[in-house]
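Please read it alongside the sequence and the structure shown here.

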Amino acid sequence: MDKNKSELARDIENYVKEFGNDRSALLPILQAIQKKYSYISSFAQQEVARLLDIHPVEVFGVISFYSFLSSEPKGKYIIRLCKTIICDISGKDEVEKAIIKETNTKFGETSQDNKFTLEYTNCLGMCDMGPAMMVNDKVYTKLTPEKVSEIISNLNN
Ligand code: FES
């Protein structure tokens, strides 16, 4: 087992000790792995399944269900742009173009330097201040192409 895998395996054992080894521990264990490694590899999924004595398909099902869990590596900054109707009619398209231009990345993809992942999201509850997006845990509202350019250049510094 390579060094990264053995560290991951050790971490997973510790999470199981901390959260328990029944089904109710599955989500907190996956969240802990996501937090430390930014995604849950297939090796991690197998390990969790083995230690909780459940089928790997069940682990994968939970990862697919929750948008904050991922089975693929993601960028340092995950940009989630609201695609719901009110943001859509208040200038989302221009904001979307600016995000693509500033990050040099398409929606649904991660930049080559692993800095940005672009995703769409449903309503963020900021409809009266749209267009809105999240960058990791932070919400940005009343976006314009200029504001996007400023936010992304700050992330680049
Ligand atoms: S529609 Fe975009 S935040 Fe509600």
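Angles between axes under 35 degrees count as roughly parallel. In this predicted model, α6 and helix α7 pack at an angle of about 30°, and α6 and α7 are therefore roughly parallel to each other. The chain is divided into domain 1, residues 3-65, and domain 2, residues 77-156.

**Domains**

- The C-alpha centres of domain 1 and domain 2 are 30 Å apart.

**Packing of α6 and α7**

- Two packed helices are described by the angle between their axes and the distance between the axes.
- Helix α7 spans residues 145-156, and its axis lies 8 Å from that of α6.
- The crossing of these two helices, α6 and α7, is right-handed.
- On the α6 side the contact involves Glu94, Val95, Ala98, Ile99, Glu102 and Thr103. On the α7 side the residues are Pro145, Val148, Ser149 and Ile152.
- Sorted by class, the contact of α6 with α7 contains six nonpolar, two polar and two charged residues.

**The sheet**

- Strands of a sheet pair through backbone hydrogen bonds, either parallel or antiparallel.
- Four strands make up an open sheet with mixed pairing, in the order β2-β1-β3-β4.
- β2 (116-121) and β4 (138-140) are the edge strands, and each pairs on one side only.
- On average, neighbouring strands of this sheet are turned by 25° against each other, direction ignored.
- β3, residues 133-135, pairs with β4 in the antiparallel sense over three bridges.
- Valine 135 has lysine 138 of β4 as its bridge partner.

**Helix α6 and the sheet**

- Helix α6, made of residues 92-103, lies across β1 (77-82) and β2.
- The direction of α6 is at about 165° to β1.

**Packing of α2 and α4**

- Helix α2 (residues 26-37) and helix α4 (residues 56-65) have axes that come within 11 Å and cross at roughly 65°.
- α2 passes α4 in a right-handed crossing.
- Leu26, Leu27 and Leu30 of α2 make the contact with Val59, Val62 and Ile63 of α4.
- The residues in the contact of α2 with α4 comprise six nonpolar, no polar and no charged.

Methods
Residues are numbered from 1 along each chain as its sequence is written. This is a predicted model: local features need pLDDT of at least 70, side-chain atom pairs count only at pLDDT 80 or more; totals for chains, interfaces and linings use all residues. Domain bounds come from an automatic or database domain assignment. Two strands pair if DSSP finds at least two bridges between them. Axes are lines fitted to C-alpha atoms, for helices over the stretch in contact, and angles run from 0 to 180 degrees between N-to-C directions. Two residues are in contact if their C-beta atoms, placed from the backbone, lie within 7 Å. A crossing is left-handed if the near helix is turned anticlockwise from the far one by less than a right angle, and right-handed if clockwise. Ala, Val, Leu, Ile, Met, Phe, Trp, Tyr, Cys and Pro count as nonpolar, Asp, Glu, Lys and Arg as charged, and the others, Gly among them, as polar. Angles under 35 degrees count as roughly parallel, over 145 as roughly antiparallel, 65 to 115 as roughly perpendicular and the rest as oblique.
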